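Please keep the sequence and the structure in view while reading.

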Amino acid sequence: MSSNVISLSSIARGPMVPAATPAAPTGGCSSSSCGSDKGQGDMPAHIWDKVKDHPCYSEEAHHYFARMHVAVAPACNIQCNYCNRKYDCANESRPGVTSEKLTPEQAARKVAAVAAKVPQLSVLGIAGPGDSMFDWKKTAATFREVSKLLPDLKYCVSTNGLALPDHLDELAGHNIDHVTITINMVDPEIGALIYPWIYFKGKRYTGIEGARILHERQMEGLEGLTSRGILTKINSVMIPGINDQHLIEVNKEIKARGAFLHNVMPLISDAAHGTAFGLSGQRGPKPAELKDLQDKLAGGANLMRHCRQCRADAVGMLGEDLSQDFTLDKLPEVATAYDPEPRRLYREVVERERADRAKALEGAEAELAEAVAEIEAPAKLVAVCTKGGGRINQHFGHAKEFQIFEVDAKGVRFSGHRKADNYCQGGYGDDDKLDVVLAALEGIETVFVAKIGRCPKDDLKKAGIEAVDAYPFEYIETAVAGWYAQRFGQVSDTADIA
Ligand SMILES: C[S@@+](CC[C@H](N)C(=O)[O-])C[C@H]1O[C@@H](n2cnc3c(N)ncnc32)[C@H](O)[C@@H]1O
Ligand code: SF4
Ligand code: SF4
């Protein structure tokens, strides 16, 4: 197998990366031991240690671990033309939305209650609903309170970066080793189209002047984090016609400053109602446009492709939201005593599962390489219904989203996810639901499911989509590789492909 072939076995151990990028990200690493203290794949051990349980910093880890956000930071020091934090809807899952704002003490009670019920919990993040760095006192007080109760959680913050340079040393002091900065531009002229104003050192700045200050503070903050060995993820909102092509430049600049991951997220235009972009009718990118841009970024800063653009009070595995089970009225009056045992046992199970998956993927990789060695097989995008664990383990009718994988002779790569309304809601035969599912599956010819009813299977077939239910509970990559090898390669025994 050639050296640029993605290794399925390394996928099982480390984060998935596009074929043309290095096997594992090392950005953000300021340690002189980098490269010598080998961890997983090509990733140094001290970096792997920081990301292996983090569902956002490792695509692989999101199959096993959960995160929660606490909405303790409502205030913000800038205005983005797409952000609306005024709506409070329990059913809306998007950034800036929260059912209730919490004090640091309430937040600590909530974290303890979630940790007692969700052993997968590994990360506590503060993602607003405003800005965690502008509201720094509440952010810091929250981490202080929580660390008294749960010493083994990882902490994350998310910020527009304007106030970040003022708190770099305090961040390191609070043991926060993951920071997200939203960087939508490195050119203030483009910035002026996204940010109507910023509020800095007691004064309001508008237009190019405001955007230039923001840009300079973002770069200073990113460099400061990198030099302190804090891993950074850069969020960029892709806004067609405004910064979409410019994000290639952003990717180069952040890579040069040591960013660990680049998370290019689509503008959610529905969420922008009541904002400047909502009024101007600014659209978000189509899935194919987002993928095109992500493909152009291959070879630059490593990409996060599995972000679910969560609420400011999200709880649970990515793609799942338990926030309504942990509202203030449902919490105990006093923080529950923390029992670390269920979480320790869960981690043991995950390590066994990881080892098993690595072995299975190694076998699939060999099978795929052998089957397609001599042929020019087309790259295919496939959709998968999964509840987690990296397996095909969800009924088509229960899927709220599809995970999308790309497969070709080089291997199987995670490509992203697409929201699909639960096909079962509203009952079978609801044409609107079917339309939503078909729109989500645009450009996809094959969907892998644990199970599917005969009628939806026929509906999909009429739309030119094949539902494959021959691999229930198998690992996604082994099933997709096996299916591809049989469909396009030279293997003698044919599987029961539905
Ligand atoms: C609500 S913000 C809170 C954290 C911080 N203030 C920031 O902007 O990074 C969390 C993330 O949601 C993104 N966001 C807000 N509104 C959005 C929208 N309508 N579409 C896509 N992303 C959005 C922000 O750009 C940011 O990356
Ligand atoms: S910086 Fe964050 S919270 Fe503030 S307006 Fe922009 S997206 Fe909203
Ligand atoms: S918004 Fe993205 S990065 Fe943040 S918790 Fe959700 S999935 Fe992770």
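## Two domains

In this predicted model, the centres of domain 1 and domain 2, taken over C-alpha atoms, are 30 Å apart. The domain assignment places domain 1 at residues 52–330 and domain 2 at residues 363–488. Where the two meet, 9 residues of domain 1 are in contact with 11 residues of domain 2. Helix H10 (residues 287–296) provides the largest share of the side of domain 1 that touches domain 2, namely 3 residues. That side of domain 1 consists of 3 nonpolar, 3 polar and 3 charged residues.

## The chain as a whole

The chain contains 14 helices and 15 strands. Of its 498 residues, 50% are buried. Among contacts between residues at least 6 apart in sequence, 71% join residues that are at least 24 apart.

## The nonpolar cores

In soluble globular proteins, nonpolar side chains tend to be buried together. The largest nonpolar core of this model has 91 residues. Met68, Val70, Val111, Val114, Leu124 and Met238 have the most contacts inside this core. Helix H3 (residues 104–117) gives the most to the core, with 6 residues. Another core, of 40 residues, lies apart from the largest one and includes Cys385, Phe414, Ile452 and Ala467.

Which residues does Met238 contact, leaving aside its neighbours within four places in sequence? The partners of Met238 are Asp244, Leu247, Val264, Met265, Pro266, Leu267, Pro285, Leu290 and Leu293.

Helix H3 has 14 residues and spans 20 Å from its first C-alpha to its last, close to the 20 Å expected at 1.5 Å a residue. Its buried residues are Ala107, Ala108, Arg109, Lys110, Val111, Ala112, Val114 and Ala115. The cover over these buried residues of H3 includes strand S1 (66–69), strand S3 (121–126), helix H4 (136–149) and strand S10 (315–317).

Helix H11 (residues 341–372) has 32 residues. From its first C-alpha to its last, H11 reaches 46 Å, close to the 46 Å expected at 1.5 Å a residue. The buried residues of H11 are Val350, Arg357, Leu361, Ala364, Glu365, Leu368, Ala371 and Val372.

Ligand 1 has 22 residues around it, of which Pro95, Gly128, Thr182, Ile268 and Ala271 come nearest. By class, the shell around ligand 1 divides into 12 nonpolar, 9 polar and 1 charged. Strand S4 (154–159) and strand S8 (231–238) each supply at least two residues of this shell.

Is Thr182 buried or exposed? Thr182 has 21 other C-beta atoms within 10 Å, and a residue counts as buried at 20 or more, so Thr182 is buried. Leaving aside neighbours within four places in sequence, Thr182 is in contact with Asn160 and Asn235. Asp292 lies 110 residues from Thr182 along the chain, and the C-alpha atoms of these two residues are separated by 21 Å.

## The surroundings of ligand 2

How many residues surround ligand 2? There are 10, and Cys76, Cys80, Cys83, Gly130 and Asn160 are the closest. The shell around ligand 2 has 4 nonpolar, 5 polar and 1 charged residues.

Technical notes:
Residues are numbered from 1 along each chain as its sequence is written. Chains are lettered from A and ligands numbered from 1 in the order in which they are written. This is a predicted model: local features need pLDDT of at least 70, side-chain atom pairs count only at pLDDT 80 or more; totals for chains, interfaces and linings use all residues. A residue is near a molecule or strand if its C-beta atom, placed from the backbone, lies within 6 Å of it. Helices (H or I, at least four residues) and strands (E, at least two) are DSSP runs, numbered from the N terminus. Ala, Val, Leu, Ile, Met, Phe, Trp, Tyr, Cys and Pro count as nonpolar, Asp, Glu, Lys and Arg as charged, and the others, Gly among them, as polar. The expected span of a helix is 1.5 Å times one less than its number of residues. A residue is buried if 20 or more other C-beta atoms lie within 10 Å of its own, exposed if 12 or fewer, and partly exposed in between; C-beta atoms are placed from the backbone. A nonpolar core is a set of buried Ala, Val, Leu, Ile, Met, Phe, Trp, Tyr and Cys residues joined through C-beta atoms within 7 Å. Two residues are in contact if their C-beta atoms, placed from the backbone, lie within 7 Å. Domain bounds come from an automatic or database domain assignment.
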